[in-house]
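I set out to record what can be looked up in this structure, entry by entry. The entries follow the sheet, the helices and the pocket.

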Amino acid sequence: MSVAILGKGKKVALKRRHVRIRKRISGTAERPRLVVTRSNRHMVAQVVDDTKGVTLVSASTLQADFAGFKGTKTEAAKKVGEMIADKAKAAGITEVVFDRGGNKYTGRVAAVADGAREGGLAL
């Protein structure tokens, strides 16, 4: 599959990176894909089995667990990583493939990965 993404700008660069990454990364039943979605306000993490096309577990700053959270967005992202690790371990998942979704591996995206590692997931 060849996708021509032309132009300049942050969104175009993000899409170009995302396509380049997804060519190489795929989740299996033994090692599902940890997908990180970042917006200006929220972080969402999902563990996906691409062979079945199913989301196995998910965690987000939009959940009720974050209703009273006080802290920076980076601290919230780290907590999302820890929550996804706890849920994944409860579902019997210990290893995942990290999919940063075209985002640069820094800041909140890296905080999710660090939180997942501290929670016991092998990335």
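**Entry 1: the sheet**

I began with strand β1 (residues 33–38) and strand β2 (residues 43–49), which pair in the antiparallel sense over six bridges. I took helices (H or I, at least four residues) and strands (E, at least two) as DSSP runs, numbered from the N terminus, and I counted two strands as paired if DSSP finds at least two bridges between them. This is a predicted model, in which local features need pLDDT of at least 70 and side-chain atom pairs count only at pLDDT 80 or more, while totals for chains, interfaces and linings use all residues. Residues are numbered from 1 along each chain as its sequence is written, and side-chain values use heavy atoms, with hydrogens and water left out.

I looked up Leu34 and found that its bridge partner in β2 is Val47. β2 is also joined to β3 by six bridges, and these two strands run antiparallel. Here Val44 has Ser60 in β3 as its bridge partner. β2 and β3 form a hairpin with four residues between them. In the turn, I noted that Gly53 has a positive phi of about 70 degrees.

I then traced the whole sheet: four strands form an open sheet in the order β3-β2-β1-β4, with mixed pairing. β3 (54–60) and β4 (97–99) are the edge strands, each pairing on one side only. From one strand to the next, the twist averages 20 degrees.

**Entry 2: the helices**

I found α2 lying across β1, β2 and β3, at about 140 degrees to β3. Angles run from 0 to 180 degrees between N-to-C directions, and axes are lines fitted to C-alpha atoms, for helices over the stretch in contact.

Helix α2 (residues 73–90) packs with helix α3 (residues 108–118) at an angle of about 35 degrees, their axes 7 Å apart. Contact means heavy atoms within 4.5 Å. Among the residues that meet, I listed Lys73, Ala77 and Ile84 in α2, and Arg108, Val112 and Glu118 in α3. By class, this contact has six nonpolar, three polar and five charged residues. Ala, Val, Leu, Ile, Met, Phe, Trp, Tyr, Cys and Pro count as nonpolar, Asp, Glu, Lys and Arg as charged, and the others, Gly among them, as polar.

**Entry 3: the pocket**

Which residues lie nearest the centre of the largest pocket? I found Lys10, Leu14, Arg17, Arg38 and Asn103, out of 14 lining residues. A pocket is an open set of points on a 1 Å grid over the protein atoms alone, where a 1.4 Å probe fits, with protein on both sides within 12 Å along at least five of seven lines; lining residues have an atom within 4 Å of a point. α1 gives the most to this lining, with five residues.
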